[in-house]
Amino acid sequence: MYESRRPEADMVEQAAPQAERALAWLTGRDEAEQAFCAPLEGLPSEHDDRMARMGDILQATALGLGLRAAAVWARVPEHLVQKWLAQDKDFAAAVQAAATLAAAHGFEPGGATTPAVIRVVILAMSRGHSWEEATQIAGIGSSKLRQMWRSSAALVALVDAARRARPRRPKTYVPPSYRPGKPGRAAPSNRYRLVQRDEA
């Protein structure tokens, strides 16, 4: 990225506090949601957590995001979303209905750049994905986002905040057997959601 093409530094500095608050809100959602379980004297059940994630998938789909982007939005692995779609016909039908709703209102994956698309880019980058990977996940062209970045101090501030939030790489040697298995795969963030196991 050409640092000299960034918007003026003072404009980025003015946008930085809002970008930091937005990223803190996005990355702190799991912790914040635990507060709503406290009055119920326990952790959410696996079923409750799954339903909340499915709801997030539906919201993202209704905003015109594709499957990969919706998985990032809902903070679940893409393969798990695929599993839910294959095993739960009602969920699959709801996702299809959400996609139809989005298309009817002019929102489709790869279409117009929306706040939802920017949100997914920032989430993906904050979790360790590169610029190119984040744009692919969100369904926006890298050059299109770069053009926006060059003209928007707010976007520069969001990208800077996402980069600062990335998981830190270990400073010590990590044996190959402990490294991520595929080239380009982001290192795990070691963030977990605590849930109660459903009784069998």
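Author: Helix 3 passes helix 4 in a right-handed crossing; a crossing is right-handed if the near helix is turned clockwise from the far one by less than a right angle, and left-handed if anticlockwise. Helices here are DSSP runs (H or I, at least four residues), numbered from the N terminus. The model is predicted, so local features need pLDDT of at least 70 and side-chain atom pairs pLDDT 80 or more, whereas totals for chains, interfaces and linings use all residues. Residues are numbered from 1 along each chain as its sequence is written, and side-chain values use heavy atoms, without hydrogens and water.

Reader: At what angle do the axes of helix 3 and helix 4 cross?

Author: Two packed helices are described by the angle between their axes and the distance between the axes. Here helix 3 (residues 46-62) and helix 4 (residues 67-74) have axes that come within 8 Å and cross at roughly 135°. Helix 3 is therefore oblique to helix 4. The contact (heavy atoms within 4.5 Å) involves, among others, Arg53 and Asp56 of helix 3 and Trp73 of helix 4.

Reader: How is helix 4 placed against helix 8?

Author: Their axes lie 6 Å apart, at an angle of about 105°, which means that helix 4 is roughly perpendicular to helix 8 (65 to 115 degrees). Arg68, Ala69 and Val72 of helix 4 meet Gln136, Ile137 and Ala138 of helix 8.

Reader: Which arrangement do helix 7 and helix 10 adopt?

Author: Helix 7 (residues 115-126) and helix 10 (residues 153-165) pack at about 30°, with axes 7 Å apart. They are therefore roughly parallel to each other, a term for angles under 35 degrees. Ile118 and Ile122 of helix 7 are among the contact residues, as are Leu155 and Leu158 of helix 10. By class, this contact has eight nonpolar, one polar and one charged residues.

Reader: How many cavities of 30 Å³ or more does a search of the whole structure find?

Author: A cavity is a set of points on a 1 Å grid where a 1.4 Å probe fits but cannot get out; lining residues have an atom within 4 Å of a point. The search finds one of 30 Å³ or more. The largest cavity has a volume of about 90 Å³. It is lined by 17 residues, and the closest to its centre are Gly64, Glu108, Gly111, Ala112 and Val117.

Note on methods. Axes fitted to C-alpha atoms, helices over the stretch in contact; angles between N-to-C directions. Helix = DSSP H or I, 4+ residues; strand = E, 2+ residues; numbered from the N terminus. Parallel < 35°, antiparallel > 145°, perpendicular 65-115°, else oblique. 1 Å grid on protein atoms, 1.4 Å probe; cavity = no way out; pocket = protein on both sides within 12 Å on 5 of 7 lines; lining within 4 Å. Points joined across faces, edges and corners; volume = space filled by probe spheres on them. Nonpolar A, V, L, I, M, F, W, Y, C, P; charged D, E, K, R; others polar.
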